[in-house]
Amino acid sequence: NGLYTAASNLTINSHFRIRNNGQFDVSTFTINQTSASAQFLVGSGSSLLFGNTGTLNSDTRATGFNSTDGTITFTAAGTLKIAAENASIGTFNPGTGTVVYDRDDGIGNDQNIVNVTYNNLEIDGSGDKDVGANLTVNGNLIITNGTLDLTNNGLGNFDLALATDFSMAAGSLTAGTSDAHTVGGSWTETGGTFAPTAGTFTFNGDAKTITQSGNNFFNLTIAAGTKTAGSDLNIDGALLIDPGTLDMSGTNYTLDLEGDLTIANAGTFTPQASTTHDVAGSWDDEGGTFTPGAGTIILSGDSKTITTAGGNNFFNLTIAAGTKTAASDLDVNGALVIDPGTLDMSVTDYTLDLEGDLTIANAGTFTPQGSNTHNVAGSWDDQGGTFTPTNGTIIFSGDSKTITTAGGNNFYGFT
């Protein structure tokens, strides 16, 4: 019975048991339980308290950490370190505390993460740290070493609901194929491995940053609020900006996107003006804002579509390998390069409004809509490709420009 409060650092070389309605407060001190074969027990009606910034480090292994019938309560920013492979926790009040799973036996054995709601959660040590249910972290998620496995070694696909920041210095994150991962804070990789081949992460906080370290997302959704890139962004699936803002304007960072880009519900994409961004999927900004004043978008996929909203524009646009079919009018405020792909505007009554030069190279092809009028304010050079319309008009509206055509190419209407 009663409340016991640590008055100094303690090293415990055997069992540590809180029983018979007792309470133990770690206070500001460090409590080390050093025996791997000992038991840590919070018994029925008893409590382990973190009333200050102290740390309890339990090195007991196997099922030796047991508070199934007791209570663990954080009322301050204390830290609980658990090495047991199969800890059990009953009533858990996370407060502002941190739980660290840090088993490190040198051979990488798995450690199970208890299914409770955490404030801050840290992954350390070695081997897999496996979740067996959806994981909720109301504070920060930190991977220092080891692997956070949201698939439980392939037995499931569990969701991560992270309220604030993610950081990874080493180790790895195995996210599985869930489409319901959410991150409310910033994402910072300074090392480690994160390379999902499926699944979606949704960023729903405001004034946050996304920093990668040679890794990739699969599908990435930028929800409400502004997310600022703190590095190049590599996305192996789709990018959806709905309804937030992806801001890459501040530094010389690039977007490498293997899937579709969609801007919806008044979302905004602000690319870095002096860089080149690659999109291998279809482009659809019809529901939002995309108005760069410089920079280049390369569309590099095959059998893709380009859909833009009235009032939006590309600056420089490159149609690389494969066919891109316009599904709207196209407004390009810089240069249009078709090299070596195909820009097909022949299906519907869409127009091209180009403020810069048009270049067709390396067997590229431009197929305009036959009944329409297209405006080109820069120079024209189709010498390296194919341009053979059978209807329609090209208007040349610029001053001191040149027109270069290949043998076998032709204009139909020419103004």
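Colleague: Which residue stands opposite D149 in β21?

Modeller: This is a predicted model, and in it the residue opposite D149 is T174 of β21. The strands concerned are β18, residues 147-149, and β21, which pair in the parallel sense over three bridges.

Colleague: What is the order of the strands in the sheet of four?

Modeller: The order is β13-β15-β18-β21, the pairing is parallel, and the sheet is open. In an open sheet, look at the ends. Here β13 (111-113) and β21 (172-174) are the edge strands; each has a single partner, so one side of each has no neighbour in the sheet. Ignoring direction, neighbouring strands of this sheet are turned by 20° against each other on average.

Colleague: And how does the sheet of nine strands run, open and parallel as it is?

Modeller: Read the order as β28-β31-β34-β36-β38-β41-β44-β47-β49. The edges are β28 (233-235) and β49 (403-404); each pairs with a single strand, so one side of each is left without a neighbour in the sheet.

Colleague: How many bridges join β41 to β44?

Modeller: Three bridges join β41, residues 336-338, to β44, residues 358-360, and the two strands run parallel. One of the positions to look up is I338, whose bridge partner in β44 is I360.

Colleague: Now a single residue. Is T307 buried or exposed?

Modeller: Burial is read from relative accessible area, and under 20% counts as buried. T307 has 9% relative accessibility, so it counts as buried. T307 belongs to strand β37, residues 304-307.

Colleague: Which residues is T307 in contact with, leaving aside neighbours within four places in sequence?

Modeller: T307 is in contact with W283, D284, D285 and E286, and also with A327 and S328.

Colleague: Next, rings. How many aromatic pairs does a search of the whole structure find?

Modeller: The search finds 28 aromatic pairs. To read such a pair, take the distance between ring centres and the angle between planes. W380 and F411 are 5.1 Å apart centre to centre with 50° between the planes, and this pair is tilted.

Colleague: Why does the pair of W380 and F411 tie together parts that are apart in sequence?

Modeller: W380 lies in strand β47 (residues 380-381), while F411 lies in the loop between β49 and β50 (413-414), so the pair ties together parts 31 residues apart in sequence. Both W380 and F411 are buried. F411 also pairs with F414: the centres are 5.0 Å apart and the planes stand at 75°, so that pair is edge-to-face. F414 itself has a relative accessible area of 47%, so it is partly exposed.

Colleague: Which residues do ring pairs link into a cluster?

Modeller: The cluster consists of F166, W187, F194, F201, F203 and F217.

Colleague: Last, the whole protein. How many helices and strands does it have?

Modeller: It has zero helices and 50 strands. For the overall form, compare the radius of gyration with the globule rule. The radius is 29 Å, well over the 22 Å that the rule gives for 415 residues, so the protein is more spread out than a compact globule. Along the principal axes, the C-alpha atoms fill a box of roughly 95 × 35 × 30 Å.

Colleague: What share of the 415 residues counts as buried?

Modeller: The share is 52%. The accessible surface comes to about 15,800 Å², with 44% of it belonging to carbon and sulfur atoms. Among contacts with a separation of 6 or more, residues 24 or more positions apart account for 23%.

Note on methods
Residues are numbered from 1 along each chain as its sequence is written. This is a predicted model: local features need pLDDT of at least 70, side-chain atom pairs count only at pLDDT 80 or more; totals for chains, interfaces and linings use all residues. Side-chain values use heavy atoms; hydrogens and water are left out. Two strands pair if DSSP finds at least two bridges between them. Axes are lines fitted to C-alpha atoms, for helices over the stretch in contact, and angles run from 0 to 180 degrees between N-to-C directions. Buried means under 20% relative accessible area, exposed over 50%, partly exposed in between (1.4 Å probe, protein chains only). Contact means heavy atoms within 4.5 Å. Rings of Phe, Tyr and Trp (its six-membered ring) pair if their centres lie within 6.5 Å; planes under 30 degrees apart count as stacked, over 60 as edge-to-face and the rest as tilted. The radius of gyration is taken over C-alpha atoms; the globule rule is 2.2 Å times the number of residues to the power 0.38. Accessible areas come from the Shrake-Rupley method with a 1.4 Å probe; for residues, only the protein chains shown count as cover.
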